[in-house]
Amino acid sequence: MSYSLVWFKRDFRLADHGALAAAARRGPVLCVAIVEPALWAQPDAARQHYEFMLESARELHAELHRLGGRLHLMVGGAVEVLDRVHAAAPFAELYAHEETGNGSSYARDRAVAAWCRAHGVRWHEVPQFGVVRRQGNRNRWQAAWEAHVAAPQAVLPTELRFAPLPAGLLPAEGAAWPAPGMIVAARAPEAVALGLDPFQPPARQRGGRRAALDALASFLDARSGQYRGGISSPLKAPTACSRLSPYLAWGCLSLRELVQATRARIAMLPAGDRRRAGLSAFVSRLYWHCHFIQKLETEPALEFRNLHRGYDGLREPQWNPAHFDALVAGRTGWPLVDACVAMLRETGWINFRMRAMLVSVAAYALWLHWREVGLWLARAFLDYEPGIHWSQLQMQSGTTGINTTRVYNPIKQARDHDPQGVFVRRWLPALRRVPDTWLFEPWRMPESVQARCGVRVGEDIALPLVELEAATRAAKARVHALRAQPEVRAAKAAIVERHGSRMRPQGRRGRAQVDAAQAAAQLDLGF
């Protein structure tokens, strides 16, 4: 039987699934998802990502089953899996969505492309985001993004025809990986069998399209009214933010259907409805979502090295493992920072401003290089999206060479966004008895106050790792001194040409709005 193989990667849905729709128009399809041990062994992978993926895949399998098919779970390297399937039942067409992932997935895709050429298989990669392959500059990028999100959604044929799994690949009843020579599993491998840390945030969001649609409906119906003004607050953000970022990252929703649903709702709302402003701001963040992914698509090396090579050596020689360990443990001594780490460990999510603050504190006050900090946060964020993640890590660390230096003072942020200390006290029980006067700077508490509160600074509450203002001032001076060097300034133009936005803001206010939108557009950083 002639059939097409459809490879599901980070696109666990049937709606607006361009790859499946195109394959189904040709004839029978074999739907496959691959658990790749080599990818899950990468330092940015975490159990919460794997479990979220499995939840989404199981729900997709149930949807396919109702249509008479199934999602076949295979285990192994992608080339190995494709080779085994092809040997058992040759196929001439492979369909998948484009993926802008980490370096390992990029190498995997190149290997798959080489395998396809060697075996005469045509690989059809369908765009999933508003990201353009082999783009030299950004001159026409904005128009391409708009064309992508405005295009009609992909529609499946009325009747899907499914190809049977070749008999030689059928798994033994109840078999699970690892088993000698097996690539098709009746049960998914356990996370620990893939070498993943057994921990995952106990209160993380659950995967699957049903949960995605529920979150979308509640956001469009009500929560978007709090989006503007609410997304910066660690108290309001859990409900004011859309909470759709993990579902977009894993493809339970498509970017196109999300933009179109949002724009349709805006058109229905009366003038003056708070949701109009919130949803309009949300659409702008979906634009910036793809803007940042495009950076990694255009320059995959930015996951590993400074976007502006003039910043090489700025932080690398002075890595401080004690500072890094304290940050990961939530023992920096700055209450808002440590509370954010506690929430992140519990939920796998914090809002964009708090994430930007974490990176700022790491990069400036603690003078830590962005790569190790980024790997920790990649594992910690359920909604990790490599293109946005690494672009933002460098942007917040000041190594892009083209963005304004952004430094967030955690004491000021606490006073601005948690003035009553509700958030800090929720996540740091040791501070619940500390008076408001000392809450955001508990190291200043007199010993008599510590005794009355029953807390000991330096034991129950960590002392700050460094003197915040002095360390931040010294860090900014280093960055700005390097930025002022003629050879560093000279290299900036090429980076702007390759990666800079082509939006044309008018006047100072317009430039400020674009700058703020870029800072806020951290979708893997909690939209």
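1. Leaving aside residues up to four places away in sequence, Val 149 touches Leu 255, Arg 256, Val 259, Gln 260 and Arg 263. The structure discussed here is a predicted model, and in it Val 149 belongs to helix α6. Its relative accessible area is 0%, so Val 149 counts as buried. The pairing of Val 149 with Glu 257 shows how the chain returns to this place: the two are 108 residues apart in sequence, yet their C-alpha atoms are 7.8 Å apart in space.

2. Because exposed means a relative accessible area over 50%, Ala 150 counts as exposed at 52%.

3. Gln 135 is found in the loop between β5 and α6. Is this residue buried or exposed? With a relative accessible area of 13%, Gln 135 is buried, since the cut-off for that class is under 20%. Not counting residues up to four places away in sequence, Gln 135 touches Trp 141, Gln 294 and Thr 298.

4. Turning to the sheet, 5 strands form an open arrangement with parallel pairing, in the order β3-β2-β1-β4-β5. Its edge strands are β3 and β5 (122–126), each of which pairs on one side only. On average, and with direction ignored, neighbouring strands of this sheet are turned by 30 degrees against each other.

5. Strand β1 (residues 4–8) is joined to β2 by 5 bridges, the two strands running parallel, and 3 bridges join β1 to β4, again in parallel. Leu 5 has Leu 30 as its bridge partner in β2 and stands opposite Leu 94 in β4, while the bridge partner of Trp 7 in β2 is Val 32. Because 5 of its 5 residues are buried, β1 is largely enclosed by the rest of the structure. Ser 4, Val 6 and Phe 8 point one way from the strand, Leu 5 and Trp 7 point the other way, and all are buried.

6. Strand β2 (residues 29–35) is mostly covered, with 7 of its 7 residues buried. In a regular strand the side chains alternate between the two faces of the sheet. For β2, Val 29, Cys 31, Ala 33 and Val 35 are on one side, Leu 30, Val 32 and Ile 34 are on the other, and both faces are covered. Towards strand β3 (residues 71–75), which runs parallel to β2, there are 5 bridges; Val 32 has His 72 as its bridge partner in β3, and Ala 33 stands opposite Leu 73.

7. Helix α1 (residues 18–26) makes a right-handed β-α-β unit together with β1 and β2, and α1 lies across β1, β2, β4 (93–97) and β5, running at about 155 degrees to β4. Helix α5 (residues 103–119) lies across β1, β4 and β5, at about 145 degrees to β5.

8. Which residues of helix α4 (residues 78–88) are buried? They are Ala 78, Val 81, Leu 82, Val 85 and His 86. Seen down the axis of α4, these buried residues fall within an arc of 125 degrees, and therefore they line one face of the helix. The elements they pack against are β1, β2, β3, β4 and α5.

9. The largest nonpolar core holds 128 residues, of which Phe 12, Trp 40, Tyr 50, Met 53, Leu 71, Trp 145 and Leu 255 touch the most other members. Helix α12 (residues 274–298) supplies the largest share of this core, 11 residues. A second, separate core has 23 residues, including Tyr 3, Met 74, Leu 94 and Trp 123.

10. Apart from residues up to four places away in sequence, Phe 12 touches Ala 33, Met 53, Ser 56, Ala 57, Leu 60, Leu 71, Trp 250, Gly 251 and Cys 252. Among these contacts, Met 53 and Leu 71 are themselves listed with Phe 12 as touching the most other members of the largest core, and Ala 33 is one of the buried residues of β2.

Methods: Residues are numbered from 1 along each chain as its sequence is written. This is a predicted model: local features need pLDDT of at least 70, side-chain atom pairs count only at pLDDT 80 or more; totals for chains, interfaces and linings use all residues. Side-chain values use heavy atoms; hydrogens and water are left out. Buried means under 20% relative accessible area, exposed over 50%, partly exposed in between (1.4 Å probe, protein chains only). Helices (H or I, at least four residues) and strands (E, at least two) are DSSP runs, numbered from the N terminus. Two strands pair if DSSP finds at least two bridges between them. A crossover is right-handed if, with the strands pointing away from the viewer, the path from the first strand over the helix to the second runs clockwise. A nonpolar core is a set of buried Ala, Val, Leu, Ile, Met, Phe, Trp, Tyr and Cys residues joined through side-chain atoms within 4.5 Å. Contact means heavy atoms within 4.5 Å. Axes are lines fitted to C-alpha atoms, for helices over the stretch in contact, and angles run from 0 to 180 degrees between N-to-C directions. The arc is that of the directions from the helix axis to the C-beta atoms.
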